[in-house]
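Visitor: I have the sequence and the fold open side by side. Please take me through them slowly.

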Amino acid sequence: MIFVNRSMPVQKKVALGGILAAFVMISLTAAYFIPVNRLFFLAVSSLFVSIMIMKVDLLYAVLLYVATALLAFFMIPSRSIALAYIVFFGVYGIVKFLCEQIRNAAIGWALKFVAFNVSLLVMYFLVSLVFGESISSRLPLPLLWLGAQFLFLVYDIVYTMFIGFYHRRLERVLRGWFR
């Protein structure tokens, strides 16, 4: 699955990538226009990269991520939404896939948490140093960090549930469209 899938013609791979990129951009646009569910739509935007991994392969998933990251940077009006997608949500499907290829589950989980915390640090420094904005909250930063760890754990479990749902239900629907 990591190497190029030769069973599907390149035209269908590119077409699927375009459709999934459109879904990513719709999700990111919804995150911008519907601020109440911003994290939900960011999480939804991350699922499409995993569909590309499952349906085609890792190489095309990386290409999908790069394309949508560039589109998000130039097209999404909110820099915070684009940054969250570029630094964490867009690349997480790839990180999750690679971490779950490791046979030792404890090491895989540890690497996922390391990747999440590195992305948190990158976002924190980019927001504070590059954009010159300060992160303010009623809660102290260590408490926010602990809450983020819990939310990440829930996010990963729900992501895994989506992958199972894809294999049980959605794959049959997409199989007819993209053989």
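**Talking through the chain**

Visitor: Which residues is Leu-120 in contact with, leaving aside its neighbours within four places in sequence?

Guide: Once those neighbours are set aside, Leu-120 is in contact with Trp-145, Ala-148 and Gln-149, where contact means heavy atoms within 4.5 Å. Leu-120 itself lies in helix 5, a helix here being a DSSP run of H or I with at least four residues, and a strand a run of E with at least two, each numbered from the N terminus.

Visitor: What kind of model is this?

Guide: This is a predicted model, in which local features need pLDDT of at least 70 and side-chain atom pairs count only at pLDDT 80 or more, while totals for chains, interfaces and linings use all residues. Residues are numbered from 1 along each chain as its sequence is written, and side-chain values use heavy atoms, with hydrogens and water left out.

Visitor: Where is confidence lowest, and where is it highest?

Guide: The mean is lowest in helix 6 (residues 141-177), at 87, and highest in helix 3, at 96; pLDDT is the predictor's confidence in each residue, from 0 to 100. Over the protein chain the average pLDDT is 89, and 90% of the residues score at least 70.

Visitor: How many helices and strands does the protein chain have?

Guide: The secondary structure comes to six helices and zero strands, and the pattern along the sequence is α-α-α-α-α-α. Of the 179 residues in the protein chain, 40% are buried. Among contacts between residues at least 6 apart in sequence, 73% join residues that are at least 24 apart.

Visitor: Let's start with helix 1, then. Which of its residues are buried?

Guide: Among them are Leu-16, Gly-17, Leu-20, Ala-21, Val-24, Met-25 and Leu-28, and the cover over the buried residues of helix 1 includes helix 2, helix 3 and helix 4. Helix 1 has 24 residues and spans 34 Å from its first C-alpha to its last, close to the expected 34 Å, the expectation being 1.5 Å times one less than the number of residues.

Visitor: What covers the buried residues of helix 3?

Guide: The cover includes helix 1 (10-33), helix 2 (38-55) and helix 4 (79-100), and the buried residues of helix 3 include Leu-58, Tyr-60, Leu-64, Tyr-65 and Ala-72. Helix 3 (residues 58-75) has 18 residues and reaches 25 Å from end to end by C-alpha, close to the 26 Å expected.

Visitor: Where does helix 4 bend?

Guide: Helix 4 bends by about 55° at Tyr-92, the bend being the angle between axes fitted to the seven residues ending there and the seven starting there. With its 22 residues, helix 4 reaches 31 Å, close to the 32 Å expected.

Visitor: Which residues touch the most other members of the largest nonpolar core?

Guide: Of its 49 residues, those are Leu-28, Leu-42, Met-52, Tyr-85, Phe-88, Phe-89 and Tyr-155; a nonpolar core is a set of buried Ala, Val, Leu, Ile, Met, Phe, Trp, Tyr and Cys residues joined through side-chain atoms within 4.5 Å. Two or more residues come from each of helix 1, helix 2, helix 3, helix 4, helix 5 (105-130) and helix 6, and helix 4 contributes the most, with eleven.

Visitor: What does Leu-28 touch?

Guide: Not counting residues up to four places away in sequence, Leu-28 touches Leu-42, Ser-45, Ala-72, Ile-76, Ile-81 and Tyr-85.

Definitions and conventions: Buried < 20%, exposed > 50% of the residue type's maximum accessible area, 1.4 Å probe, protein only.
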